[in-house]
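Here is a friendly walk through one structure, meant for someone meeting it for the very first time. Have a look at the sequence and the 3D view, then read on.

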Amino acid sequence: MIAVIDYNVGNVQSVCNALHHIGCEAELSRDPARIERASGLILPGVAAFGYAMEALGSAAELVQRAAATGKPILGICVGHQLLFERSCEYGPHQGLGLVRGTVAPIPPQQTVPHMGWNLVELPQDMGLFSGLGPAKHFYFAHSFHVQVQDPQAKVAYTDYGFPLTASIQKANIYGVQFHPEKSGEQGLQVLRNFQAICEG
Amino acid sequence: MPARRKGNHRGLPLRKVRFMLTKRVIPCLDVKDNRVVKGVNFLNLRDAGDPVELGARYSDTGADELVFLDITATIRSRKTIVDMVKRVAENVFIPFTVGGGIRTIEQIDELLRSGAEKASVNTAAVRNPNLLAEAAKRFGNQCVVLAIDARRSKSRPGHWQVCVKAGSEPTDIDVVEWAVRGEQLGAGEILLTSMDADGTLAGYDNELNRAVSDAVNIPVIASGGAGTLGHLYDAVVVGGADAVLMASITHFGNYTIRQIKEHLRDRGLPMNL
């Protein structure tokens, strides 16, 4: 069972719907016992960083503890950003600090938010992208992006006038800036791959 | 955040920088009493099917996004729309926006929690512009769509006036100024409907699209008037739109999403195909 962390921010249900659609047992929860029992965690997120971190509250520690035990964790969009150390969206905020790096605004020369389908180059050694070939379009909707400063993290990029971090993987920690639950068939494949990682 | 309006040496607006980002094809489903309907100039509604079924069909056949507009937008229709959003979310795995009658942060929260990716506000934002700022702060500006119903001004040529209450009530607000203000307040996208062109199948109002897309730095969705594949191409190339919204030409089977995307790709536009 995959636990989707319920922390009262928008659109967590979509992730559950997509998981159910691919036949993956998933529960929306912030109950410590459930999170303990889960084979993997998903940290979804549609919100501003500070609001999301505050809403996560005591569940932050549960996620950090699960990460330390080697449980696979997938952060999506703002959930992906929360994996990092800090953000400056509407003021400075601390993140979960599972991966070294900061969350910064997309440079103003680009249209903000970065919203729509963009082509992601898929490194073949990143588990989330198994069976998807060298590049695929995924759906993005965000105004901030991650600057990865962690030598242990693998990074997949998309081109938005600069190499924008589309996905990261550091041991059992996975993050996608795009929305796999809203990226059609290729997005569902990313979730299937995460399911396989959790069951593996 | 101040609007980023830059000029080049000739004082013309700089084009937005879009790298590899595909142009979006977005069918719009106007919903009334749990049915998809489509009219001409906002009148003479024609039935186009079940919203969940039609939405899933578009999702499966390659639409980039969907927009559902509750055109009854009464207090009573709210619960129906939330139920519909939940059912759509179980069957549709592309982003969808929901609009029509949204007045409060709580309503936006409920729609996003039910599975919508974005909420679009129109009349309520005109009445209370702070709603855009509050929603952007709470949900992130990518969740906030400012829908503008625009009508060509009879008294000021080359200008458009904002209309509210499903287009029934003209205001003296200038569309371009309102779009710029909307961006400043926190809207992440503008859904720009030409009331003059809507449902006519005679082409988008690309002067309108160009005026707004040059004035703002957020994506503009062109809406109202699509009748041919060429119209869709023109909205992007002539109008400067980042996405094209259509209803009649796809609901009634004139064109498939794939035909539309192949046409735009073959004419050189980046598409998710």
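Two strands count as paired if DSSP finds at least two bridges between them. Helices (H or I, at least four residues) and strands (E, at least two) are themselves DSSP runs, numbered from the N terminus. This is a predicted model, in which local features need pLDDT of at least 70 and side-chain atom pairs count only at pLDDT 80 or more, while totals for chains, interfaces and linings use all residues. Residues are numbered from 1 along each chain as its sequence is written, chains are lettered from A and ligands numbered from 1 in the order in which they are written, and side-chain values use heavy atoms, with hydrogens and water left out.

**Strands in chain A**

With that in hand, take strand β7(A), residues 101–105: it pairs with β10(A) in the antiparallel sense over five bridges. As background, strands of a sheet pair through backbone hydrogen bonds, either parallel or antiparallel.

Another pair to find is β8(A), residues 114–121, and β9(A), which run antiparallel and are joined by eight bridges. Here G116(A) has F140(A) in β9(A) as its bridge partner. Six of the eight residues of β9(A) are buried, where buried means under 20% relative accessible area, exposed over 50%, and partly exposed in between (1.4 Å probe, protein chains only).

**Aromatic rings**

Over all chains, the structure holds seven aromatic pairs. Rings of Phe, Tyr and Trp (its six-membered ring) pair if their centres lie within 6.5 Å; planes under 30 degrees apart count as stacked, over 60 as edge-to-face and the rest as tilted. Two of the pairs are set out here.

| Pair | Centre to centre | Angle between planes | Type |
|---|---|---|---|
| W117(A) and Y139(A) | 5.9 Å | 65° | edge-to-face |
| Y174(A) and F194(A) | 6.0 Å | 75° | edge-to-face |

W117(A) sits in strand β8 of chain A and Y139(A) in strand β9 of chain A, 22 residues apart, and both are buried. Y174(A) is in strand β13 (residues 173–176) of chain A and F194(A) in helix α6 of chain A, so this pair ties together parts 20 residues apart in sequence. F129(A), F138(A), F140(A) and F178(A) form one aromatic cluster.

**Over in chain B**

Seven of the 10 residues of α1(B) are buried, so the rest of the structure largely encloses this helix. Among them are P51(B), L54(B), Y58(B) and S59(B). Just after α1(B), G62(B) takes a positive phi of about 105°.

Chain B also has a hairpin made of β8(B) and β9(B), with four residues between them; in the turn, K165(B) has a positive phi of about 55°. β8(B) (residues 160–164) and β9(B) (residues 169–174) pair in the antiparallel sense over three bridges, and C163(B) has P170(B) as its bridge partner.

On a 1 Å grid over the protein atoms alone, a cavity is a set of points where a 1.4 Å probe fits but cannot get out, a pocket is an open set with protein on both sides within 12 Å along at least five of seven lines, and lining residues have an atom within 4 Å of a point. Grid points are joined across faces, edges and corners, and a volume is the space filled by probe spheres set on the points.

The second largest pocket has a volume of about 410 Å³. Of its 22 lining residues, G184(A), E185(A), S59(B), D60(B) and G62(B) lie nearest its centre. α6(A) gives the most to this lining, with four residues.

The structure also holds three cavities of 30 Å³ or more. The second largest cavity has a volume of about 50 Å³, and 10 residues line it, with V78(A), E89(A), S143(A), F144(A) and Q142(B) nearest its centre. α5 (78–82) and β9 (135–142) of chain A are the elements that give two or more residues to this lining.
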